[in-house]
Amino acid sequence: MELYPTQYEIAADSFGEALTNLLVPIPSIRMVQYPAFSQITGGFRPNEFTILCGSTGTGMTTLLANWSDALIGQEVPHFVASVETGRHDFIRRIISARVGRDWNTGDAVPLNEIKAALTGPEQDRIRRAKLFLSLYENRFSIEQLMHDIDYMVETHGVKVCFIDNLNFFMEVTSAQQSIVEMDRVIHELIMFCKRTPVHIVMVMHPKKTVDGRVESEFDIKGSSTSVQEAQNVILFNRPKEQLIDEGMATWGDRELTIAKMRRRGAAVGAKIILRGIDGVHYKEGAVICRNQKATVDTSNRSKGLKAK
């Protein structure tokens, strides 16, 4: 086996750079529309990989569309590979989230409603949107995806990427090799993130559970390797019946849980109730931080969280 020269650095050099990062942290992308999420997680930091996991039908693509709408409002360059549903479907989800009505049902929307909702300022907002959409709507290689993201970062200054979902970037293989392939794809993306100033959010599906909920990061399909390597893991569920009984959520709401946060361990276990509006728009509601409950003061976002 060929061995390479030993690579190392003296502590003084590492200390200086680390101290600089403490004094002047690398800026993260914080969504103004989601102040509790941004405060708890610190926002979307560059060079990080986040797993977003929920059961089929819980609305993960809709959540990404809501996040994309928030980034559009802040003119943050971002790239979306919505391979499962396609780019036009994703745009319809963004518009639905914006107007608070489900216009992605396949039914015709009256022209007067479109004109009333998409006024001049709204149309200008969409025209100024720094959103870039992949044209792929079927399976393609992880190598091509990384090439496309690298191009978007270099050419358009993209800061955040939403990928939906992992299955479309795995080579078709036997059931026995699927976990190995899954680990390979995740590992490639995480190594890519470490050398590329971008934050990637990847949708992944869970193993089959009794009630369809994803209770921990170890419910994510595949081996534990991908979970161990990922910097962050976010779980997305319908709310527990207990929360509904206590009046903290309704069936149309969603429960977002921080299962892993490498840079902010104190955030692990925090839950954010997202109020569902017509199944297309999510607005932050109650925030549960481990044994403490809090609510978001949406009247003045600068105040952040209030104890309940």
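Mentor: Let's start with strand 2 and its partners: strand 2 and strand 3 (residues 131–133) pair in the parallel sense over 3 bridges. Two strands count as paired here if DSSP finds at least two bridges between them. The helices (H or I, at least four residues) and strands (E, at least two) are DSSP runs, numbered from the N terminus. Before we go on, keep in mind that this is a predicted model: local features need pLDDT of at least 70, side-chain atom pairs count only at pLDDT 80 or more, and totals for chains, interfaces and linings use all residues. Residues are numbered from 1 along each chain as its sequence is written, and side-chain values use heavy atoms, with hydrogens and water left out.

Now for the side chains. In a regular strand they alternate between the two faces of the sheet. Here, His78, Val80 and Ser82 point one way from strand 2, while Phe79 and Ala81 point the other way, and all are buried. Buried means under 20% relative accessible area, exposed means over 50%, and partly exposed is in between (1.4 Å probe, protein chains only). Since 5 of the 5 residues of strand 2 are buried, the strand is largely enclosed by the rest of the structure.

Next, the lead-in to the strand. Pro77 sits in the loop between helix 3 and strand 2, and it counts as buried because its relative accessibility is 14%. Leaving out residues up to four places away in sequence, Pro77 touches Lys130, Phe132, His156, Gly157, Val158, Lys159 and Val160; a contact means heavy atoms within 4.5 Å. Glu75 belongs to that loop too, between helix 3 (60–73) and strand 2 (78–82). Glu75 is partly exposed, because its relative accessibility is 36%. Its backbone is worth a look as well: Glu75 has a positive phi of about 55° although it is not a glycine.

Finally, follow strand 4 to its end. Asn165 lies in the loop between strand 4 (160–164) and helix 8 (175–195).
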